[in-house]
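Here's a quick briefing to read alongside the structure. Have the sequence and the 3D view open as you go.

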Amino acid sequence: MNYPFEVEPLPYAYNALEPYLNEEILHFHHDKHYTAYVVKLNELVGNYPNLQNMSLEELLIQTDALPNEAKTSIRNNAGGVYNHELYFACMNSPDCELPTDQLALAIQATFGSIEQFRSAFAAAAINQFGSGYAWLILSNGKLEILSTPNQDTPISLTVTPLLCIDVWEHAYYLQYQNRRADYVENWFNLINWDFVGARYMSLMKEVR
Ligand SMILES: [Fe+2]
């Protein structure tokens, strides 16, 4: 995806994640917050023709190519676009089934069990101070959990995100108020494991 960046439609109905995330949250989150990052990123990149053939990922990885005066703004807004698109894609319905594929085996081998992964991931999400994300990432073929502040993204040449949860208050406050832990707990029911598992398989092919 290149400039001008387009708002990707939500890949399901706005009420598809109820009861765990209500329609109002999804409207604000997708139509206002995520969309604002796309609009702002286009405004910024619009000022620099030499950046306009770079992909979203390239803007986040090749930060040396960014002009000093706009580096932080471009990084924050490109991160806001990338992170939200992955976040929305990682969910699809309130009836998710636990993974049983190669990714499930890798999660068990790395974290002990799906349940232990869930606990560690929830801890990263709950303990992220202030706004940010928790991630399941692939680093040199190995799974890891990490968290990042604000719209930072773990993209680099060797670290690729597989799954993320947005723990900015706008992701849950309208339904959960200050209860981030309840949001995180319920969010596990929404994960689109088919998407995450397919992403894992395609990334592992690149690693080999
Ligand atoms: Fe968000």
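What follows is a walk through the sheet, the helices, a few loop positions and some backbone details.

This is a predicted model, so keep that in mind throughout. On the helix side, we'll look at α3, which covers residues 71–89, and at the packing of α4 with α5.

- β1 and β2 are joined by eight bridges and pair in the antiparallel sense.
- If you want landmarks on that pairing, Leu136 sits opposite Ile145 in β2, and Ile137 sits opposite Glu144 in β2.
- Trp135 has Cys164 as its bridge partner in β3.
- How enclosed is β1 by the rest of the structure? Seven of its eight residues are buried, so β1 is largely enclosed.

**Helix α3**

- α3 has 19 residues and spans 27 Å from its first C-alpha to its last, close to the 27 Å expected at 1.5 Å a residue.
- Its buried residues include Ile74, Val81, Tyr82, Leu86, Tyr87 and Phe88.

**Helices α4 and α5**

- α4 (residues 102–111) and α5 (residues 114–127) pack at an angle of about 70 degrees, and their axes are 8 Å apart.
- That makes the two helices, α4 and α5, roughly perpendicular to each other.
- From α4, the contact uses Ala104, Ile107, Gln108 and Phe111. From α5, the contact uses Ile114, Gln116, Phe117 and Ala120.
- By class, the contact of α4 with α5 has six nonpolar residues, two polar and no charged ones.

**The loop between α1 and α2**

- Gln52 is in the loop between α1 and α2. Gln52 has 13 other C-beta atoms within 10 Å, so it counts as partly exposed.
- Leaving out residues up to four places away in sequence, Gln52 touches Tyr3 and Val45.
- Gln52 and Phe5 are 47 residues apart along the chain, yet their C-alpha atoms are separated by 9.8 Å.
- Ser55 is in the loop between α1 and α2 too. With 14 other C-beta atoms within 10 Å, Ser55 is partly exposed.
- Leaving out residues up to four places away in sequence, Ser55 touches Met1 and Asn2.
- Ser55 and Asp95 are 40 residues apart in sequence, and in space they are 34 Å apart, C-alpha to C-alpha.

**Backbone details to check**

- Where do the cis peptide bonds listed here fall? One runs from Tyr3 to Pro4, with omega near -10 degrees, and another runs from Glu18 to Pro19, with omega near 10 degrees.
- Pro4 lies in the segment before α1, and Pro19 is in the segment before α1 as well.
- Asn140 has phi near 50 degrees, which is positive in a residue other than glycine. Asn140 belongs to the hairpin of β1 and β2, which has two residues between the strands.
- Is Asn140 buried or exposed? Asn140 has 8 C-beta neighbours inside 10 Å, so it counts as exposed.
- Asn150, in the loop between β2 and β3, has phi near 55 degrees, again a positive value in a residue other than glycine.
- With 15 C-beta neighbours inside 10 Å, Asn150 counts as partly exposed.

Terms used. Residues are numbered from 1 along each chain as its sequence is written. This is a predicted model: local features need pLDDT of at least 70, side-chain atom pairs count only at pLDDT 80 or more; totals for chains, interfaces and linings use all residues. Helices (H or I, at least four residues) and strands (E, at least two) are DSSP runs, numbered from the N terminus. The expected span of a helix is 1.5 Å times one less than its number of residues. A residue is buried if 20 or more other C-beta atoms lie within 10 Å of its own, exposed if 12 or fewer, and partly exposed in between; C-beta atoms are placed from the backbone. Axes are lines fitted to C-alpha atoms, for helices over the stretch in contact, and angles run from 0 to 180 degrees between N-to-C directions. Angles under 35 degrees count as roughly parallel, over 145 as roughly antiparallel, 65 to 115 as roughly perpendicular and the rest as oblique. Two residues are in contact if their C-beta atoms, placed from the backbone, lie within 7 Å. Ala, Val, Leu, Ile, Met, Phe, Trp, Tyr, Cys and Pro count as nonpolar, Asp, Glu, Lys and Arg as charged, and the others, Gly among them, as polar. Two strands pair if DSSP finds at least two bridges between them.
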